Amino acid sequence: MNTSTVFSLAALLLTGTGALHAQAPATPAATPAKVPWKRVLPQTPPGFTLVTKDVAVYPEHTVTLTLYVPDKPGKYPAVLDIHGGGWKDRQVEQDKPMMERLATHGFVTGIVAYRLSTEAKYPAAIYDCKAAVRYLRAHAEELKIDPDRIGAMGGSAGGHLTGLLAMTNGLPEFEGDGPNREQSSAVKAAIVMAGSQDLVAANKEKSNPGTVAFLGATYEEKPDIYAQASPLTHVRAGVPPTIFIEGEKDTLKIGRAELQDKLRALGIETELHTLKDAPHPFWMSQPWCDETVEIATAFFKKHLGEPKFAQP
C-alpha cells in the first residue's frame with residue numbers, strides 16, 4: 001500500500017455522543033475527534049554515524065545495509081530491520097526513525113534493502129536478509145558489533161520476512177549464494193510487526209496479487225512454494241524467542257496465532273502487543289513509533305543485553 005495512502009487512512013474516528021436536556025431538543029452530536037498521529041522523519045541522532053554498506057551485488061540490485069553505528073567505542077548488540085512495502089516497494093527511509101530511536105538505547109541498528117519482487121522472485125529476498133546478518137558478523141569489529149548478539153525485526157512484508165528469517169535459523173537451504181557463507185545467519189531474538197505468517201491460508205481461497213508477484217505463481221500453480229515461504233511451516237525446537245506487535249485498527253495477520261501456539265508448545269517465549277488505535281503501518285508515525293521502540297528495547301535488552309565498554 002502507498003505510504004501516503006496509509007497515513008491518510010490513519011486518522012481514525014472516535015465516538016461522539018449527544019447530550020439530552022429535560023426541556024430542550026437534543027444537543028447535536030459533537031464532531032468526532034481524530035486520533036492524533038504524526039509522521040516521523042529521519043534524523044541521525046547525536047553520537048551516531050550513519051553508514052551504508054554493500055552486502056551483495058546482483059545485476060538487478062545491490063543489496064545494502066543502512067547502519068547507525070555509535071561513535072563511542074565498545075561492543076554493542078545489533079538489531080537488523082527488514083522493511084515492508086508489500087515485497088515490491090523499498091521503504092528504508094520510512095523505517096529509519098524507528099531504528100534511529102532504537103539505536104540510542106544501546107544498539108547498532110541496520111536496515112537491509114533486499115531485492116524486491118519486481119527485481120527477483122522468492123527466495124531472493126530471504127537470501128538477502130540472511131546475507132545481511134552474515135555481513136554484520138563478518139564486519140563485527142569494524143561496526144562495533146558483538147557477533148553473538150544479533151536480533152531482527154520488521155513490519156508488514158518485512159514482518160513476514162523477519163518471521164521467515166527467525167524460523168529458518170540453521171536451515172542451509174535458505175542461505176542462498178550470497179557472500180560471507182562462513183558466517184552464521186542465525187538471530188537470537190525477533191520481533192514481527194503486522195505480518196502474516198501463513199501464506200497458504202492467506203492465499204488458498206483467493207490469491208493476493210502482491211504475494212503472486214513475490215512468489216512468481218498462484219497457490220494453485222505452486223502450493224509447495226507457498227508452504228515453504230510461510231514462517232509457520234518451519235517452527236521447531238531451537239528457533240529464537242519471537243514476539244509480535246500489531247495495530248488495533250489493522251487487519252488480522254493470518255498465521256500469527258497459530259505460530260505462537262507452536263512456539264508455546266515448544267516452550268519458546270512469545271507474546272503479542274496490540275497498540276491502541278494504531279493503523280498499518282504504525283511504526284512510521286507517532287505515538288506508535290515510540291511505543292514500538294519501547295517494546296523493542298525491553299525485549300532486545302532481555303535477549304541481547306547491554307553494550308560492553310572497555311574498562312578505564
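In strand S5, valine 112 is the bridge partner of leucine 65. The model is a predicted one: local features require pLDDT of at least 70, side-chain atom pairs count only at pLDDT 80 or more, and totals for chains, interfaces and linings use all residues. Residues are numbered from 1 along each chain as its sequence is written, and side-chain values use heavy atoms, with hydrogens and water left out.

**Strand S5 and its neighbours**

Strands are DSSP runs of E with at least two residues, helices are runs of H or I with at least four residues, and both are numbered from the N terminus. Two strands count as paired if DSSP finds at least two bridges between them. Valine 112 of S5 is also the bridge partner of isoleucine 82. Strand S4 (residues 76-82) runs parallel to S5, and five bridges join the two. Between S4 and S5 the chain passes through helix H2 (residues 92-103), in a β-α-β crossover that is right-handed. Right-handed means that, with the strands pointing away from the viewer, the path from the first strand over the helix to the second runs clockwise.

S5 belongs to an open sheet of eight strands with mixed pairing, in the order S2-S3-S5-S4-S6-S7-S8-S9. Strand S2 (48-57) and strand S9 (272-275) are the edge strands, each pairing on one side only. On average, neighbouring strands of this sheet are turned by 20° against each other, direction ignored. Axes here are lines fitted to C-alpha atoms, for helices over the stretch in contact, and angles run from 0 to 180 degrees between N-to-C directions.

| Strand pair | Sense | Bridges |
|---|---|---|
| S4 and S6 | parallel | six bridges |
| S6 and S7 | parallel | four bridges |
| S7 and S8 | parallel | four bridges |

Aspartate 81 stands opposite methionine 153 in S6, and alanine 152 stands opposite alanine 190 in S7. Further along, valine 192 has phenylalanine 244 of S8 as its bridge partner. S6 is mostly covered, with nine of its eleven residues buried.

**Helices across the sheet**

Helix H5 (residues 157-167) lies across S4, S6 (145-155), S7 and S8, and runs at about 140° to S6. Helix H9 (residues 256-265) lies across S8 and S9, at about 155° to S8.

**The chain as a whole**

The protein chain has ten helices and ten strands. Of its 312 residues, 54% count as buried. Among contacts (heavy atoms within 4.5 Å) with a separation of 6 or more, 76% involve residues 24 or more positions apart. The accessible surface is about 13800 Å², and 55% of this belongs to carbon and sulfur atoms; the areas come from the Shrake-Rupley method with a 1.4 Å probe, and for residues only the protein chains shown count as cover. The structure holds zero disulfides, a disulfide being a pair of cysteine sulfur atoms within 2.5 Å. Cysteine 129 is buried, with a relative accessible area of 0%, and cysteine 289 is likewise buried at 0%.

Definitions and conventions. Buried means under 20% relative accessible area, exposed over 50%, partly exposed in between (1.4 Å probe, protein chains only).
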